[in-house]
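Let's take a friendly walk through this model, starting with charged pairs on a helix and ending in the nonpolar core.

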Amino acid sequence: MNAKLIKQYKDVENAYLQKFGANSLDRVILGDPLQGCKNTFAVIKQLETAIQTNVPLVQVPLEIWKDVIF
């Protein structure tokens with residue numbers, strides 16, 4: 001991934017966290033990291049849409065999250 005794309009992601013991630021709270025992405029699965037740049041563009045769009053519509057992404061419930069294996 002290039003530096004410009006990483007900066008774009010970090011900027012939108014920071015904007016999301018400022019809007020919805022510091023822990024608002026703790027249990028959100030944003031996508032498959034193995035998909036590379038294609039996935040990163042989709043994640044950026046997903047975060048931007050959440051910010052624009054003022055609807056946070058749904059976090060996985062804690063009781064399910066604790067059993068998820070990455």
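Asp-11 and Lys-7 sit four residues apart, about one turn of the helix, and both belong to helix α1 (residues 3–20). Helices here are DSSP runs of H or I with at least four residues, numbered from the N terminus. This is a predicted model, where local features need pLDDT of at least 70, side-chain atom pairs count only at pLDDT 80 or more, and totals for chains, interfaces and linings use all residues. Residues are numbered from 1 along each chain as its sequence is written, and side-chain values use heavy atoms, with hydrogens and water left out.

The structure holds two salt bridges, each a side-chain nitrogen of Lys or Arg within 4 Å of a carboxyl oxygen of Asp or Glu. Here they are:

| Salt bridge | N to O distance |
|---|---|
| Asp-11 and Lys-7 | 2.8 Å |
| Lys-10 and Glu-13 | 3.0 Å |

Lys-10 and Glu-13 also both lie in helix α1, three residues apart.

Now for the core. The largest nonpolar core has 11 residues, including Leu-5, Tyr-9, Val-12 and Leu-47. Such a core is a set of buried Ala, Val, Leu, Ile, Met, Phe, Trp, Tyr and Cys residues joined through side-chain atoms within 4.5 Å.

Technical notes
Helix = DSSP H or I, 4+ residues; strand = E, 2+ residues; numbered from the N terminus. Buried < 20%, exposed > 50% of the residue type's maximum accessible area, 1.4 Å probe, protein only.
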